[in-house]
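Hi,

Here is the structure I said I'd pass along.

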Amino acid sequence: FLRDVSLSLASLFGVVLAVILSVGQVPGEVEKRTIYNILSKPVSRAQYLLGKYLGILASLAAIMLVMGIEILVLLAARVQRFSPVVLEGVFAVFLEAAIIAAFCLMFSTFTSPPVNVFVTILFYFICHMKSGFLYPRLVGNMHGFLKVLSGAVYYLVPNLENFNLSQQVGYGGGASAWHMLRITGYAVLFSAIFVLVAHLAFRRRDL
């Protein structure tokens, strides 16, 4: 039960942290005009965005690592048991936060922070309700071309429930190595897509 609750809180904190770290990256530097000094040097816009995203990931990784260690210490103190399987759940939380950060960074290239926060929160809830909410509405009730089109939209939205390992970690022996590899590739794919879209939008922006 402690492992389940700890991972649920870590997941919530990871998402909030991802939004906080990402939402003001581009708008903040545009407002302070520091971005002009950076882009005036031999730094392309793609390198700028990639550097921002890697910096966000580094911060998320460091904080998630500390959180994972704290959970291990808490479990050892409360139930006198060392549970390294918790680190699998923390890693899954990091992967989920990486997708959220990429999505939030993408929107930061062409929207204001308040709009970005609203859209990212909406995106987060939709992605967690994908299988039960989106499928019957976008795919199940459509026919012909509309079904193909809505199916494409459905599969372009990541399923963040893939990163919810609270049951496997909290009440079982953890996830399999194949599952961990699969969700890692899944996170890398969607993060890369969002960063690429961010670059396409950012390079068209007049600065």
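Leu-9 sits in helix H1. Keep in mind that this is a predicted model. Is Leu-9 buried or exposed? Buried means under 20% relative accessible area and exposed means over 50%, so Leu-9, with a relative accessibility of 54%, counts as exposed.

Leu-9 also belongs to a nonpolar patch on the surface, together with Phe-1, Leu-2, Val-5, Val-79 and Tyr-171. Between them they have about 580 Å² of accessible area. H1 gives the most to this patch, with 3 residues.

Now for the inside. In soluble globular proteins, nonpolar side chains tend to be buried together. The largest nonpolar core here has 57 residues, and the ones with the most contacts inside it are Tyr-53, Leu-60, Val-86, Ile-100, Phe-163 and Phe-194. Two or more residues come from each of helices H1 (2–23), H2 (25–32), H4 (45–79), H5 (86–108), H6 (113–128) and H10 (177–203). H5 gives the most, with 17 residues.

Leaving aside neighbours within four places in sequence, Phe-163 is in contact with Ala-92, Leu-95, Glu-96, Ile-99, Ile-183, Tyr-186 and Ala-187.

**Helix H2**

Which residues of H2 are buried? They are Gln-25, Val-26, Pro-27, Glu-29 and Val-30. These buried residues pack against H1, helix H3 (34–39), H4, H5, H6 and H10. Just after H2, Arg-33 takes a positive phi of about 65 degrees.

Cheers

Technical notes. Residues numbered from 1 in each chain as written. Predicted model: local features only at pLDDT ≥ 70, side-chain atom pairs only at ≥ 80, totals over all residues. Heavy atoms only, no water. Core = buried A, V, L, I, M, F, W, Y, C linked by side-chain atoms within 4.5 Å. Buried < 20%, exposed > 50% of the residue type's maximum accessible area, 1.4 Å probe, protein only. Helix = DSSP H or I, 4+ residues; strand = E, 2+ residues; numbered from the N terminus. Contact = heavy atoms within 4.5 Å. Patch = residues over 30% accessible without salt bridge, like charges linked within 9 Å, V, L, I, M, F, W, Y side chains within 5 Å. Areas by Shrake-Rupley, 256 points an atom, 1.4 Å probe, with all protein chains shown as cover. Salt bridge = Lys/Arg side-chain N within 4 Å of Asp/Glu carboxyl O.
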